[in-house]
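I opened this notebook to record how one part of the model is packed. My entries follow the order in which I looked things up.

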Amino acid sequence: FAGHGMVNEENLFFFVPYGGNSEKPEITCFTSDAFIRWLNRIDGKKLVFTDACYSGAIGQDDLNAGALSSHIGGAKGTVIFFDSSSEGKPSIEYDSIGNGLFTSVLLNALKGDALDPYEKELDTAALQHYLTREMKHMTDGYQVPIVRNPNGSEPISILTYE
């Protein structure tokens with residue numbers, strides 16, 4: 001998901017899609033709780049990438065976000081969340097790159113920038129390391145991605161390069 005995010009007065013995270021109205025999120029947006037319920041219906045390995053302000057709220061066990069905390073650890077199969085920022089931080093967007101900084105760094109990683117010179121495979125652990133290092137460097141530590149692996153699964157292979 002690449003869009004906007006917000007946390008309401010009840011500390012419930014809302015995904016705000018293009019055209020969504022943050023003044024009426026219950027009508028035009030969807031909650032993290034609804035997303036987790038949908039995610040739980042999918043068996044298998046899942047990677048969730050979220051470039052939205054406050055997106056770290058999706059994976060925070062200590063945030064009172066409705067039933068999210070109880071659902072997230074029980075997600076079916078493997079699920080790893082890559083969120084652009086912590087629950088208390090907006091995510092940086094630059095008009096010059098056409099999207100959020102996190103999305104730009106993620107795309108560079110998938111193009112091969114995250115690979116060590118002798119590696120041919122990108123897995124979730126290497127991606128986490130690259131995203132964290134690059135985002136910290138590019139934002140002077142302001143925006144640090146949050147990676148959640150609630151089931152403690154082993155790294156997942158994402159891509160193999162030739």
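This is a predicted model: local features need pLDDT of at least 70, side-chain atom pairs count only at pLDDT 80 or more; totals for chains, interfaces and linings use all residues.

Entry 1. Setting aside neighbours within four places in sequence, I found L131 in contact with F82, F102, V105, L106 and P145.

Entry 2. I then turned to the nonpolar cores. A second, separate core has eleven residues, and I noted I36, L39, V48 and F81 among them. The largest core holds 17 residues; those touching the most other members are F82, F102, V105, L127 and L131. Two or more residues of this core come from each of β5, α4 (101-113) and α5 (124-138). Helix α4 gives the largest share, five residues. I recalled that nonpolar side chains tend to be buried together in soluble globular proteins.

Entry 3. Which residues of β5 lie on each side, and are they buried or exposed? I listed V79, F81 and D83 on one side and I80 and F82 on the other, and recorded every one of these as buried, with both faces of the strand covered. Because five of the five residues of β5 (residues 79-83) are buried, I describe this strand as largely enclosed by the rest of the structure.

Entry 4. I next looked up the strand partners of β5. Strand β4 (residues 46-50) pairs with β5 in the parallel sense, over five bridges. Strand β9 (residues 146-148) pairs with β5 in the antiparallel sense, over three bridges. Here I noted D83 opposite I146 of β9.

Methods. Residues are numbered from 1 along each chain as its sequence is written. Side-chain values use heavy atoms; hydrogens and water are left out. Buried means under 20% relative accessible area, exposed over 50%, partly exposed in between (1.4 Å probe, protein chains only). Helices (H or I, at least four residues) and strands (E, at least two) are DSSP runs, numbered from the N terminus. Two strands pair if DSSP finds at least two bridges between them. A nonpolar core is a set of buried Ala, Val, Leu, Ile, Met, Phe, Trp, Tyr and Cys residues joined through side-chain atoms within 4.5 Å. Contact means heavy atoms within 4.5 Å.
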